[in-house]
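Here are a few notes to read alongside the model. Keep the structure open and find each piece as we go.

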Amino acid sequence: MTYENEHLLPGQIGHFFVLLAFVASIISAISFFKASAVKSDIEKKKWLHLARSIFVIEFLSLLTVFAFVYFICSQHYFEYLYSYKHSSKELEPKYLLACIWEGQEGSFLLWSIWHCVLGSIVIFTAKKREAAVMTVVNVAQFFLILMLLGIYFSGTRIGSNPFMLTRNELAGPIFSQSNYLDLIKDGVGLNVLLRNYWMVIHPPVLFLGFASTIIPVGFAYSSLRSKDWGSWIKPVLPWVLFSGLVLGTGIMMGGKWAYESLSFGGYWAWDPVENASLVPWIILVAGLHCMAIYKSTGNALRAAYLFTILTYLFVLYSTFLTRTGILGDTSVHSFTEAGMAMNVLIGIYVLGITVPVLFMFFKNYSKIPSLEKEENISSREFWMFIGALILFLSAIFIISVTSLPVYNKIFGSNLADPQDREFTYNKVLVLVAIIIGLLTGAIQYFKYKKTGKKYILSKLGWPLGISIFLITLIALFYPIEYFKKGYGFLAAIYLALFATIFSVVANAFYIKTVLKGNLKASGAAIAHLGFTMMIAGMLISSGNKEVISDNSKTGVFIPFDKDPTGRSTENPMENLTLIKGIPTPLGKYTVTYLKDSASPKENNRTFYSLHFVNKDSATGKVLENFILSPDSYRMKDNNLSSNPDTRHYLSHDVFTYVSTISVPNKDADTASFKIHELSVGDSVFFDKGYIVLNGIQKNPNNERYQFQPTDTALAADITLYSKEGTSYKANPALKIQNHQIDFLNDTIITQNVYLQFAGIAQGNKFKIGIKESKKLTDFITLKAYVFPYINLVWAGLIIMAAGFLVSLLQRAKAAKWMAILSICFVILALTYLFLFANA
Amino acid sequence: MKTSSILILIGIAAAIGALLMYSVDFSTYDTIATAKEKQGKYVHMIAKLDKSKPIQYDAIKDPNYLSFYAVDSLGGSTQVIYRNTKPAELEQSERVVLKGKMEGNVFECDNILLKCPSKYKDDKKELEKTVTQY
């Protein structure tokens, strides 16, 4: 059958370039290998020339593939499965890139393009190591592009390419029609959770970080092959610093994204996907410290090799965890089952690169030089090594707990996450924070080989004194109120806070007193300062994070439903219902849900305008007055996705998001009166408060009713107390005329409540009907938190990134103007992204 | 540093690691029947929403009270109470992982993980459903 309106050419061209890139990666790998293996200089040059040319072809091919993927997505060619799956007509153009790296194929493509970019830099800078490093890069490319191949090999499809046709991949009755394309109205599109500018920025940065960890492995390989042991450390340091900078920033971008636009209620949830990217970074940093030790003392070379290889192993392992769907139920953002063939491919990739290099490392282990002399306990290198080991240990702990689904798979067990996942990690890592804080603060003052006691004490006196003073101030005036895990954990938080503050102060002093403000040499001190400031910010903002929408605290709301188990619940009630137009207390604020407005650009997206007022309780003066507009997306299948809105202050953030919205009820008002039998003085609860029957008047003659003494009429005097604390008067009445009962109902419009005097019951009781109209009630439920001093976290990250960059530029011997320019650029860009873009 | 001292350090590190792992109080995946046997113990219960029974949730009454019934393929059935807002996708979910404790005949849940068609569009079967609607 011929199908109408299909555009098959772009796919054919795209697939051709995938195959070309694949073949090029093989040839390039072989020729780089040859170039590194041959002895003669002329031969070497020939091979190198060939390898470089082929590498350029590989690079260009991948860029072409990317262009074609972009093309089929932007043109909404739904005959391609990739476009159908990830793109849709309503998608704003800015998310087109995001929808490319939403999918498995697109993100592997991005990764391999980064390999090419970094490889090009290696070609220009690595000199005699170029051939060996590029061999490793191209072997990695071989595996990555293999996953994009999508060709059949004895019945099994190897990889999956982004140009597969929808009609070949999916089964459905429409594909038996030649005009099926006219029937497909729209693509599935980008998951609404991912429609955020961070989805455009965060994946490329993270993948650049991941991709860059291959380069140090290449350097390690080059030295293992040439048996030229320590000389790779010096040229590899800028690369390791680059990885640390980019990967660290990328990870925290994910945290910032989660914080500001996903309703996880925080920046770090110890989700397996987050952990999987953190662990390689920690090992990388451990390796970085071993390299620094080696450069200054000749120690720790073996550890530097091991950590470099393990960093890459864990990058691949984390890819394995997140891509194979093995995380399944444990992660909120895992990919799903990619198919057996894909899992095997990823598995082969993990083993294919790391096992040979690890094997070479262990084979040469005894030949790698190490100093056979005890280190002095007062030496810098001893404590740096301890620090690296602690980092490594915590990485192993994190990945061991995270790998739970893998154990289940292997051993067939049915273990699940512990009850409080975050605490499981926090209780261990708070101890790590104490040690790392103390080490990063003090060890800078230690000298390599040996340090005099007096020198250390004289230098550390001031920082110690200041940080003790600061922690005392915090304990007195801004105590951490995290009692729910007991006093032991609280004490650990205080110790960690002290240690990190000490480190911030000590590193600042170090830059001033020891380095005399020489910024060029202070990269490490700046990075340590930033890192510990970030940890201090995390301790404060998470320790004192406050749920202000907590119903049990605001006392707005008393649950009327009896708990069926008959016990009182201690669960926090973190959601607060806001009825349109009714001011409701929320923490120190009074919040009113003013209106909702549809987004002009995106379908099904609604912004809720919430007016926050904070009045001084004594004077009534308005202290704060602002409007927050969290929004929610209602998808085609009724799924709700919320984006928070946050009020930023220097000292804290007020963070809100919508957790439920009222479903517009198009039906008529179907509610009916619910009859209660009351005596005078009785009260009865209903959904929005309670009413009290104050009394019954016979034939009242007042402003409302002008009955005559001859009438047969009764009016009820009712007071309604709403849950907002307001009260209303109501007088429903009942009149008997010509053997007919006439109900004169009363309404309280603001509450959407109708009251009816429905008759007289036995035993001096009266029938009072209450009807609550649901038709008119617009409401949302809101979660609101206050995150204090969250800006310390972001500021710390920016400072740390700057520190990495200063070291990187110094190690790479960059020209001064270039160094200044790039530092300014990175600081400005990160400051904008983290502190201002969403403010 | 001597190789021996490195080995000792790594040995200590491994021991600490093992101890730390031991300290983690893992929970288990359970069916409704096995969860009922483990009264009061924190479990991950894998089940399905019972669509034949009513879901009780009224945000105006109490935004922090959701009650529904869960069933599983082994014939188990239980009431579930979740003191939080109703996940919007609950009705569409194909499978739920409920984290919490069985208290008598009621499952007190503190976290719900939903398996929803829309989140799992990489799943071929779900994707096929989207084209058969045309």
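The points below go from the whole chain to a helix pair and then to some strands.

1. First, a heads-up: this is a predicted model. Chain A has 839 residues, and 47% of them count as buried. Its C-alpha atoms fill a box of roughly 125 × 85 × 55 Å along the principal axes.

2. On the inventory side, chain A holds 23 helices and 24 strands. If you take the contacts with a separation of 6 or more, 69% of them come from residues 24 or more positions apart.

3. Now look at helix H1 (residues 9-37) and helix H2 (residues 41-74) of chain A. They pack at an angle of about 155°, and their axes are 7 Å apart. Angles over 145 degrees count as roughly antiparallel, so H1(A) is roughly antiparallel to H2(A). The crossing of H1(A) past H2(A) is left-handed. What sort of residues make up the contact of H1(A) with H2(A)? There are 23 nonpolar ones, along with seven polar and three charged.

4. Next, some strands. A bit of background: strands of a sheet pair through backbone hydrogen bonds, and the pairing is either parallel or antiparallel.

5. To find the spot on screen, look for His648(A), which stands opposite Asp653(A) in S13(A).

6. S13(A) also pairs with strand S24 (residues 779-788) of chain A, again in the antiparallel sense, over nine bridges. Here Ile661(A) has Ile780(A) in S24(A) as its bridge partner.

7. Finally, find the open sheet of four strands in chain A. Its order is S14-S23-S22-S21, and the pairing is antiparallel. Which strands sit at the edges? They are S14 (674-678) and S21 (746-748) of chain A, and each pairs on one side only. From one strand to the next, the twist averages 30°.

8. Within that sheet, zoom in on strand S22 (residues 753-761) and strand S23 (residues 765-772) of chain A. Eight bridges link them in the antiparallel sense.

Conventions: Residues numbered from 1 in each chain as written. Chains lettered and ligands numbered in written order. Predicted model: local features only at pLDDT ≥ 70, side-chain atom pairs only at ≥ 80, totals over all residues. Pairing = 2+ DSSP bridges. Helix = DSSP H or I, 4+ residues; strand = E, 2+ residues; numbered from the N terminus. Axes fitted to C-alpha atoms, helices over the stretch in contact; angles between N-to-C directions. Parallel < 35°, antiparallel > 145°, perpendicular 65-115°, else oblique. Left-handed = near helix turned anticlockwise from the far one by under 90°. Nonpolar A, V, L, I, M, F, W, Y, C, P; charged D, E, K, R; others polar. Buried ≥ 20, exposed ≤ 12 C-beta atoms within 10 Å, placed from the backbone. Contact = placed C-beta atoms within 7 Å.
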